[in-house]
Amino acid sequence: ILVGATAAGLFTTKLVGETAPIAFEIIEESGVSGSVSGAQSFKGLANLGAYKIEKTLSIATEGEAAGRAIKISTRAFGDLSKFPGFQLSLSDEIKAPVRASFFAPSYDHHDWFVSYEDTDKRVIVAPDKPEEVRFNTVRAAALSSHYFTAAIADNSSLRPTFHGLPVTPKGAGFEGVGYLEYKPMTRADEFKTEQTVYIGPKDVDALRAADRVLSSVIDYGMFAVIAEPLVWLLRLFHSWFGNWGFAIIGLTIVVRLLVLPFNIYSFKSMKVMQKIQPQMQAVRERFKDDPRRMNEEVMRLMKENKANPLGGCLPMLLQLPVFFALYQVLAMSIELYRQPFVFWIHDLTVKDPFFVLPILMGVSMFVQQKITPVADPQQAKILIWMPVIFSALMFTLPSGLTLYIFVSTLFGIVQQYVLMRDKAPATQNGQKTVHQAKA
């Protein structure tokens with residue numbers, strides 16, 4: 001059900017150069033004649049004349065990967081003078097790609113994940129990307145959709161190559177097929193390969209329990225080191241509230257509290273810049289014909305008032321890695337898949353069906369823009385359009401992401417209200433500065 005039926009099969013073994021998988025005869029080991037019901041280990045044997053091939057599959061029964069991970073051992077023995085090597089398959093059915101745009105991005109995609117040599121690589125699998133992919137000295141490979149994966153971690157003494165074929169049409173969709181290929185380096189009496197395969201949701205604990213290298217199948221982006229603690233926090237809040245929507249709210253508040261010192265510093269810097277803006281404008285008018293003197297006077301003015309022109313931007317730049325990591329966590333977490341929040345939101349991984357959250361988010365962003373001090377009037381005119389743009393974008397994004405931005409914006413409004421309580425004195429000082437500048 002998760003992977004679908006493909007011509008190549010999944011985790012099937014064939015000889016290098018052959019098109020059909022090896023037909024194994026199942027060998028009963030349990031001692032119960034004619035029954036393999038409930039068995040956790042299977043063994044198959046194929047007699048190919050000069051040599052035989054034995055394949056064993058052992059299903060994990062304990063831990064996070066129980067029922068999802070399988071240990072595979074494949075052994076060729078006998079006269080291997082003409083033995084060409086093994087290929088182990090990865091395949092999946094791929095739906096026709098969903099049309100996407102800037103305002104309607106699609107998360108529905110397949111990709112190859114390959115861990116080889118000392119690096120990892122991801123390659124989109126799609127009809128408009130017909131090229132084959134090949135990697136040597138492979139440690140792991142996976143074919144994944146957004147929330148599910150079929151993966152292989154190699155445990156052999158001989159590292160294989162990976163060969164990903166171009167997608168081929170199948171019905172209303174397509175088929176993606178790849179192979180791990182093992183070719184013998186010497187002619188011995190036995191050739192053996194071992195793997196751990198996994199099929200199921202992209203759950204970081206289950207993937208890591210199957211094989212540590214498989215946890216990298218989940219793409220948290222360049223800020224994965226920040227994303228993993230955020231996943232832990234998200235799960236912690238879910239254990240408290242029993243609802244993933246409320247877990248997102250709790251996580252958002254914690255993240256906003258962590259970056260609060262940066263926001264306070266940014267707010268103070270913006271207020272100082274706003275306060276001395278009339279003086280700076282007067283300096284620019286006075287020395288408009290002498291750019292060098294104008295820059296010197298502006299810098300002197302900012303130094304006297306301890307104003308930092310980057311004070312409003314730098315804290316935001318420092319926060320970006322956290323917000324990008326949080327965005328990836330909410331976009332990639334299987335925990336949110338088909339999980340309801342409240343009332344009309346029945347799945348946090350799909351868009352809000354009635355667009356309530358995007359509209360509320362747009363209104364809250366507009367309120368936040370109105371109460372936020374901006375030193376540059378031109379900048380204020382540009383920022384006024386941000387709520388409209390973000391609301392339009394959120395119409396098609398998962399409701400879990402929209403919930404995060406909405407709660408974050410509400411936190412920003414409360415934060416701004418608290419910081420602006422001394423607005424009246426600041427205004428009086430600002431008016432005084434204006435008179436001084438005119439004088």
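**Charged pairs, cavities and backbone**

Student: What is the relative accessible area of arginine 75?

Tutor: Arginine 75 is partly exposed, the class between buried (under 20% relative accessible area) and exposed (over 50%), with a 1.4 Å probe and protein chains only. This is a predicted model, in which local features need pLDDT of at least 70, side-chain atom pairs count only at pLDDT 80 or more, and totals for chains, interfaces and linings use all residues. Residues are numbered from 1 along each chain as its sequence is written, and side-chain values use heavy atoms, without hydrogens and water. For arginine 75, the relative accessible area is 22%.

Student: Which residue forms a salt bridge with arginine 75?

Tutor: Side chains of opposite charge can pair when their charged atoms come close. The criterion for a salt bridge is a side-chain nitrogen of Lys or Arg within 4 Å of a carboxyl oxygen of Asp or Glu. For arginine 75 the closest N and O atoms are 2.9 Å apart, and the partner is glutamate 190.

Student: How many residues apart in sequence are the parts that the pair of arginine 75 and glutamate 190 ties together?

Tutor: Arginine 75 forms a salt bridge with glutamate 190. Arginine 75 belongs to strand E5 (residues 69–78) and glutamate 190 to strand E15 (residues 190–201); strands (E, at least two residues) and helices (H or I, at least four) are DSSP runs, numbered from the N terminus. Glutamate 190 is partly exposed, at 43% relative accessibility. The parts so tied together are separated in sequence by 115 residues.

Student: Is glutamate 54 buried or exposed?

Tutor: Glutamate 54 forms a salt bridge with lysine 43, their closest N and O atoms being 3.9 Å apart. This pair links distant parts of the chain, glutamate 54 being in strand E4 (residues 51–59) and lysine 43 in strand E3 (residues 41–47), eleven residues apart. With a relative accessibility of 17%, glutamate 54 counts as buried.

Student: Which helices hold glutamate 228 and arginine 208?

Tutor: Glutamate 228 and arginine 208 form a salt bridge, with the closest N and O atoms 3.9 Å apart. The pair ties together parts that are 20 residues apart in sequence, because glutamate 228 and arginine 208 lie, respectively, in helix H2 (residues 224–241) and helix H1 (residues 204–210).

Student: Which residues are linked in a network of salt bridges?

Tutor: A search of the whole structure finds 13 salt bridges. Glutamate 228 is partly exposed, with a relative accessible area of 40%, and arginine 208 is also partly exposed, at 26%. Both belong to a network of salt bridges whose members are Asp203, Asp205, Arg208, Glu228, Arg235 and Glu335.

Student: Which strand gives the most to the lining of the largest cavity?

Tutor: A cavity is a set of points on a 1 Å grid over the protein atoms alone where a 1.4 Å probe fits but cannot get out, and lining residues have an atom within 4 Å of a point. The structure holds three cavities of 30 Å³ or more, and the largest has a volume of about 80 Å³, a volume being the space filled by probe spheres set on the points. Its lining has 13 residues, with Trp112, Ile124, Lys129, Glu131 and Leu165 nearest the centre. Three residues of the lining come from the strand that gives the most, E8 (residues 119–125).

Student: How much space lies in the second largest cavity?

Tutor: Residues that line the second largest cavity include Asp203, Arg235 and Glu335. These three residues are also among those linked in the network of salt bridges. The space in the second largest cavity is about 50 Å³.

Student: What is the phi of glutamate 117?

Tutor: Glutamate 117 is located in the loop between strand E7 (110–116) and E8. It counts as exposed, at 55% relative accessibility. Although glutamate 117 is not a glycine, its phi is positive, at about 50°.

Student: Where is threonine 137?

Tutor: Threonine 137 has a positive phi near 50°, in a residue other than glycine. It is partly exposed, with a relative accessible area of 37%. Its place is in the loop between strand E9 (133–135) and strand E10 (138–144).

Student: What is the C-alpha to C-alpha distance in space from phenylalanine 24 to asparagine 47?

Tutor: Phenylalanine 24 lies in the loop between strand E1 (13–15) and strand E2 (25–27), and at 25% relative accessibility it counts as partly exposed. In sequence, phenylalanine 24 and asparagine 47 are 23 residues apart; in space, C-alpha to C-alpha, they are separated by 8.5 Å.

Note on methods:
On a 1 Å grid over the protein atoms alone, a cavity is a set of points where a 1.4 Å probe fits but cannot get out, and a pocket is an open set with protein on both sides within 12 Å along at least five of seven lines; lining residues have an atom within 4 Å of a point.
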